[in-house]
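Work through the exercises below with the sequence and coordinates open. Each task is followed by its solution in steps.

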Amino acid sequence: MRHLLSTGDLSRDEATLILDTAEELARVGDRSVKKLPTLRGRTVVNLFYEDSTRTRTSFELAAKRLSADVINFSAKGSSVSKGESLKDTALTLQAMGADGVVIRHSASGAAHRLANWVDGAVLNAGDGTHEHPTQALLDAFTMRSRLGRLEGLRVAIVGDILHSRVARSNVLLLTTLGAHVTLVAPPTLLPVSVHTWSCEVSYDLDDVLPKSDVVMLLRVQAERMQESFFPSEREYSRRFGLDGERLGRMPQDAIVMHPGPMVRGMEISAEVADSPRCTVTEQVANGVSLRMAVLYLLLGGS
Amino acid sequence: MPDTHAPHLIRGARPLGGDPVDLLLSEGRITEAGPGLAAPEGAEVVDAAGLIALPGLVDLHTHLREPGREDAETVATGSRSAAMGGYTAVHAMANTDPVADTAGVVEQVWRLGREAGYCDVRPVGAVTVGLAGERLSEIGAMADSAARVRVFSDDGICVSDALLMRRALEYVKAFDGVVAQHAQEPRLTEGAQMNEGRVSDRLGLPGWPAVAEEAIIARDCLLAQHVGSRLHVCHVSTKGSVDIIRWAKARGCDVTAEVTPHHLLLTDELVESYDPVYKVNPPLRTAEDVRALREGLADGTIDIVATDHAPHPAEAKETEWSTAAMGMVGLETALSVVQEAMVDTGLLTWAEVAERMSTVPARIGRVDGHGRGLAVGEPANVVLYDPAAPVAVDGAAMATKSGNTPFRGMTLPGRVQATFLRGVPTVLEGEIK
Amino acid sequence: MPPASPEVPEGTRAVLDGPEINRALTRIAHEVLERTKGGEGVTLLGIPSRGVPLAQRLARRIERVEDLAVPVGSLDITMYRDDLRMAPARALGRTEIPVGGLDDRVVVLVDDVLFSGRTVRAALDALGDLGRPRAVQLAVLVDRGHRELPIRADYVGKNLPTSLRENVTVRLEETDGHDAVLLGPAHRGPRAGSPPARAAATEGND
């Protein structure tokens, strides 16, 4: 593994190694010295073209716990906002000796492009509507910790699949790890070729709920309504929102996941968001361990 | 400007792939044809054994970028590129800066072409002012100008307003003109980045659905038939479009259509690299579309091959996919790509290639003196092509100012050895003169 | 020389068999009790992978002799290695610190083979991040020499003079199905420079 660009590039063994490594590294958070010397002298650049304090902070903390030097290079207030191309920025980072670049970009494929221009490892921290591999990995990690397995797990992913990099990465990864994925959304928010994906598709949440071990809700942006993807927030929420009543129809030990940020009252009710079956804060905590694992596996070796 | 006006005796070329003969080019015409011709005094002899002779190619769809984007291409560099590809006439698209929507701009481009002298440059006039799709540009003035414009197009942008399209189709009838439509329904393609389908869904790139092309073609065919005008469809890229054009021709619509070399050979799977060298509009489609386009070109549903040569400077392509410019250079690889996709596959003979790359495009563009065949007395616009000279494509080695070729790294089967424009070599031994 | 058996592959010879390993561990258990005045405050930490079962065996012996339950854990040193960049990133072993932690304990690190001393150095660094033991001691089944750091073992099952062209492999019931210490030729290629460069170092050779 030289870069982490897509979960589709991971074999089952590689994905499992990442999850196992994260499991060991999760214990570092419980120690008095929450730091390992592993990446001492290595430089990790957080290259963020989109605002995402959550993801950037998570990567930053992960890198720092491994003793890497971390540089935050955000699009705002840098030469990037003055029109410098991604390639020139990449060459600059290269000249500075970046061993790893964590990139968040609004353009699908930006991480792939970057990987052509730098020698160091490239970690895709979200590229447009393409993929968000570490999110999917931390989701799988959370499922495995909570439910003890991934093989055979029934996972429903609900919401704006069409524009979701989280959904794309999760479908690829969970399928590799042996889970059964069902995508649930109005047809307008599903890719046209979704029938060729390695998952099931449903337009009916109530039909899927009783058959799901995990329900992962995706954020639905209000602007999609203006673009006629669905008629109104009320109708969306009524058909695809998860409330307490629907939660009650899920299997006893089934969990509710959300990559955040949540829109309470839209895809998830406050009651569900605050329920112990909802893993949102666990996902955040697991994100640090998982990103440590990825940084270690990409930058720790030769 | 090539300066040699000596007669040229071409020895042993195979006209349209037929039996070898000698051709004597003199005073701008083919003056003799037959086996074992004697070389007149002062004649340059060109050994053409094994080479195929075709009438000089005519491109109905070229972007020369001048005026406005001389960093990407100029009329001079673009026409040299055309000569290297075997072209003796090209149509320069109107989406320059300023837009070719007045007699002044089209005459400027036409004059630049004459000064360069590597091929005849026929400007295309914009259908609407500034390509804005709001009101007709001065089509009559452009038709009457020294450039004698006959092809009108807002290429790059679709004339999507049905009423405006109807008016344009009607108006050009007065000048024996043709409207060349870039068929792309704008609402269905907002933000579109590549062909909509399995690959775009996987890559998370907004899709350009086939129906956005097909819907406009269907509408325009019906409009053209209703008002009795000529319609030309640019760069047809989908199987559905081929079906619709076949249907329109069957019901008597006066429609012609073109396909680009890249749509005959490449598919959207290439986009998986996210390398914008594969970004083009209309986008690369699926293998099924490629198959249908080849069949359509073979059976005459698609009339011609046009390059849509679209040079871009390196910085417009060395970027993330979504900000990259759309377009590919194509003049210098067109004939070889057509050989690979159509001739070597048995779909077209060389005579049919000549029709689709010279005769018919000249007829659609009303280009006098081109696309006339290789008989004695015809203008000496000739290309000599070696179909057994595999070339590894390298954008940096091309005559075009921009290297954005999607065929780079591929080996194509043949190369142009010589091009003659009215008897004067613009290319000899594969080198620009 | 006996014919090669599945337990003793061709080209190698057994320098310790099962009963000998057991006797060595029993002796070490007694020595630990002696040196630590009855084992009070002792925590055994095995270094994965084979140090862990060895630590557990030691704990059982101490318990048998002194009727004292000694806390046993494991200490993975992968993230503290000084040769990480010489090989692809490795999978991590388990670090399990017994309840009560390491502060003020006498930590006995347990490993199978003591070689360059670099594993022990890494283990000492790791310990420093986990607590502040009163003392740290080292028990190994085999000391094969060739130290590159000023480190020595407090308890040694067997001192085994070796050449750098040889390889020591420890096999244990818990991890390999049978007990044995084998001596054979180094597995792969010429050793380049100093021991950390032997990227293919087999387990059991620190």
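Helices (H or I, at least four residues) and strands (E, at least two) are DSSP runs, numbered from the N terminus. The model is predicted: local features need pLDDT of at least 70, side-chain atom pairs count only at pLDDT 80 or more, and totals for chains, interfaces and linings use all residues. Residues are numbered from 1 along each chain as its sequence is written, with chains lettered from A and ligands numbered from 1 in the order in which they are written.

**Exercise 1.** Characterise the side of chain A that touches chain C.

Solution. 
- Step 1: the contact pairs 16 residues of chain A with 15 residues of chain C.
- Step 2: helix H1 (12-26) and helix H12 (280-299) of chain A each supply at least two residues of this side.
- Step 3: H1(A) has the largest share, four residues.
- Step 4: by class, this side of chain A has six nonpolar, five polar and five charged residues. Nonpolar means Ala, Val, Leu, Ile, Met, Phe, Trp, Tyr, Cys and Pro; charged means Asp, Glu, Lys and Arg; the others, Gly among them, are polar.

**Exercise 2.** Locate the largest nonpolar core.

Solution. 
- Step 1: such a core is a set of buried Ala, Val, Leu, Ile, Met, Phe, Trp, Tyr and Cys residues joined through C-beta atoms within 7 Å.
- Step 2: the largest one has 289 residues, and those with the most contacts inside it include Ile157(A), Val338(B) and Leu58(C).
- Step 3: H12(A) gives the most to this core, ten residues.
- Step 4: the core lies between domain 1 (8-52 + 377-432) and domain 2 (57-364) of chain B, because both give residues to it. Domain bounds come from an automatic or database domain assignment.

**Exercise 3.** How far apart are the C-alpha centres of the two domains of chain B, domain 1 and domain 2?

Solution. 
- Step 1: the separation is 26 Å.
- Step 2: 28 residues of domain 1 and 38 residues of domain 2 of chain B make the contact.
- Step 3: on the domain 1 side, E19(B) gives the most, with four residues.

Note on methods: Two residues are in contact if their C-beta atoms, placed from the backbone, lie within 7 Å. A residue is buried if 20 or more other C-beta atoms lie within 10 Å of its own, exposed if 12 or fewer, and partly exposed in between; C-beta atoms are placed from the backbone.
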